[in-house]
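Dear colleague,

I am handing over the structure that follows, together with notes on what was found in it. Please read the notes with the coordinates open beside them.

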Amino acid sequence: RRKYRTVESREMDEEVTQELVDSYTPVSADVQRKLGAPFALSEVRRAIDLSACNKSAGSTGLPSEFYKMVAAEIAPLLTRQFNYARQHGQMSDYQNHGLVSLIHKKGPKESASNYRPLTILNRDYTLASTVCVLRTRTLMHEVCNPQQTGFCPGRDIQTNVMTLHNATAYAAETDFTGRDELASELEVLSATTLRRRAAAIP
């Protein structure tokens, strides 16, 4: 914990900041075109097929099971509605409506600070979100830097773990200013990454 505070408290060098800005690669015109294209019927149908069942339905009372049963009839309507919302920059009033439930965390139940709000959204709103996620996922490898291995299909965080191990070994064997501090920080970061990786395994 102390080592992380030390790293976070360092002032960012202006030259390093500018180097990072200059290294940024703008999204290509092709990717922009793919991301900005109108939603297709097939995308909406896939979102419906992938929607989880036995979940709260929201204020409409219509669960995923309903959308799956009438997918052939409702998918074209949802496609038109999603594209309309995309063009005008907002969803309908009822789609923006959510049911808020307070979940007790711990401590005295009389204290409001011991509760966290949980918002249950309407199912068609979550379907629109799923359509966007599915589309973005197919282009993640074109948008994200190669060093970004988390949440990118086809990439594994283990790659970064091995990179950290190699960097730690290099820092320990090479003589340069700040070597010991860098090696120590890399060891802490590597160990933390491995613990998080292990915690994510069921």
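Helices, in these notes, are DSSP runs of H or I with at least four residues, while strands are runs of E with at least two, and both are numbered from the N terminus. The model is a predicted one, in which local features need pLDDT of at least 70 and side-chain atom pairs count only at pLDDT 80 or more, whereas totals for chains, interfaces and linings use all residues. Residues are numbered from 1 along each chain as its sequence is written, and side-chain values use heavy atoms, with hydrogens and water left out.

On that basis the protein has 10 helices and two strands, and their order from the N terminus is α-α-α-α-α-α-β-β-α-α-α-α. Of the 202 residues in the protein, 22% are buried, where buried means under 20% relative accessible area, exposed means over 50%, and partly exposed lies in between (1.4 Å probe, protein chains only).

The charged side chains come next. Side chains of opposite charge can pair when their charged atoms come close. Taking a salt bridge as a side-chain nitrogen of Lys or Arg within 4 Å of a carboxyl oxygen of Asp or Glu, a search of the whole structure finds three. Asp30, Arg33 and Lys34 are linked in a network of such bridges. As for accessibility, Asp30 is partly exposed at 32%, Lys34 is partly exposed at 32%, and Arg33 is exposed at 53%.

The remaining salt bridge joins the side chains of Arg135 and Glu43, at 2.7 Å from N to O. This pair links distant parts of the chain, since Arg135 lies in helix α7 (residues 123-137) and Glu43 in helix α4 (residues 41-50), 92 residues apart. Arg135 counts as buried, with a relative accessibility of 9%.

A patch of negative charge on the surface is formed by Glu14, Glu15, Glu19 and Asp22. Patches are made of residues with over 30% relative accessible area and no salt bridge, like charges being joined within 9 Å; accessible areas come from the Shrake-Rupley method with a 1.4 Å probe, and for residues only the protein chains shown count as cover. Asp and Glu count as negative, and the place of a charge is taken as CG of Asp or CD of Glu. Asp22 belongs to helix α2 (residues 14-23) and is exposed, at 57% relative accessibility.

The structure holds zero disulfides, a disulfide being a pair of cysteine sulfur atoms within 2.5 Å. Cys53 is partly exposed, at 33% relative accessible area, and Cys132 is partly exposed as well, at 37%.

Most residues other than glycine have a negative phi. Asn54, although not a glycine, has a positive phi of about 60°; Asn54 sits in the loop between α4 and α5 (64-69) and counts as exposed, with 73% relative accessibility.

Note on methods
Patch = residues over 30% accessible without salt bridge, like charges linked within 9 Å, V, L, I, M, F, W, Y side chains within 5 Å.
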